[in-house]
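My notes follow below, in the order I made them.

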Amino acid sequence: MPELKINYIHEPTPLQCGQAVLAMLTEKTVDEIIALCKTERETKLCDMRRVLSECGITMGNERIAVNDRSQLPEVCVLSLETPRCWHWSLYAYGTFYDPEHGVMDDFPESNRKYYWKVE
């Protein structure tokens, strides 16, 4: 996969972390992603996979538990159990692009962490 240029997008509402991640990966606006997802609320794994596929991006089928950033592939979608809720986030080329917490060097606070490789 050619290297993606990731432009950070903050989630417009607390329920739109998935849409923000999809927008960052596809270079679409959150409103365009909402139309593709058919929801302004929480996104499910099937929504994430379907929208990425429709945009020509492959999201792996395997959910992989992770503890340390060194275990992450170049680009992946993250599902994180934060103190408040389950949350979608993005990791690309050594940087975390978290729709709620901003651009970060490490995971936001979370108890359990999973990823799906993006190709």
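I began with Glu54, which is partly exposed at a relative accessible area of 48%. For my own reference, buried means under 20% relative accessible area, exposed means over 50%, and partly exposed lies in between (1.4 Å probe, protein chains only).

A note on the source: this is a predicted model, where local features need pLDDT of at least 70 and side-chain atom pairs count only at pLDDT 80 or more, while totals for chains, interfaces and linings use all residues. Residues are numbered from 1 along each chain as its sequence is written, and side-chain values use heavy atoms, with hydrogens and water left out.

I looked up the partner of Glu54 and found Arg50, in a salt bridge with the closest N and O atoms 3.2 Å apart. The rule I used asks for a side-chain nitrogen of Lys or Arg within 4 Å of a carboxyl oxygen of Asp or Glu. Arg50 and Glu54 are 4 residues apart in helix 3, so about one helical turn separates them. Helices here are DSSP runs of H or I with at least four residues, strands are runs of E with at least two, and both are numbered from the N terminus.

Does Arg50 count as buried, partly exposed or exposed? I noted 27% relative accessibility, so Arg50 is partly exposed. Arg50 also forms a salt bridge with Asp47, with 4.0 Å between the closest N and O atoms. Asp47 and Arg50 sit 3 residues apart in helix 3 (residues 45–54), which means about one helical turn lies between them. Asp47 counts as buried, at 12% relative accessibility.

**Entry: a pair between strands**

Next I checked Glu81 and Arg112, whose side chains meet in a salt bridge at 2.8 Å, N to O. This pair links distant parts of the chain, with Glu81 in strand 2 (residues 75–81) and Arg112 in strand 6 (residues 112–117), 31 residues apart. Arg112 is partly exposed, with 40% relative accessibility.

Back to the shared partners: salt bridges join Asp47, Arg50 and Glu54 into one network. How many salt bridges does the rule give? I got a count of 5.

**Entry: helix 1**

I then turned to helix 1 (residues 17–26), which is mostly covered, with 10 of its 10 residues buried. Among them are Cys17, Gln19, Leu22 and Thr26. What do the buried residues of helix 1 pack against? I listed helix 2 (30–37), helix 3, strand 2, strand 3 (86–92) and strand 4 (95–98), with contact meaning heavy atoms within 4.5 Å. Just after helix 1, I found Glu27 with a positive phi of about 60°.
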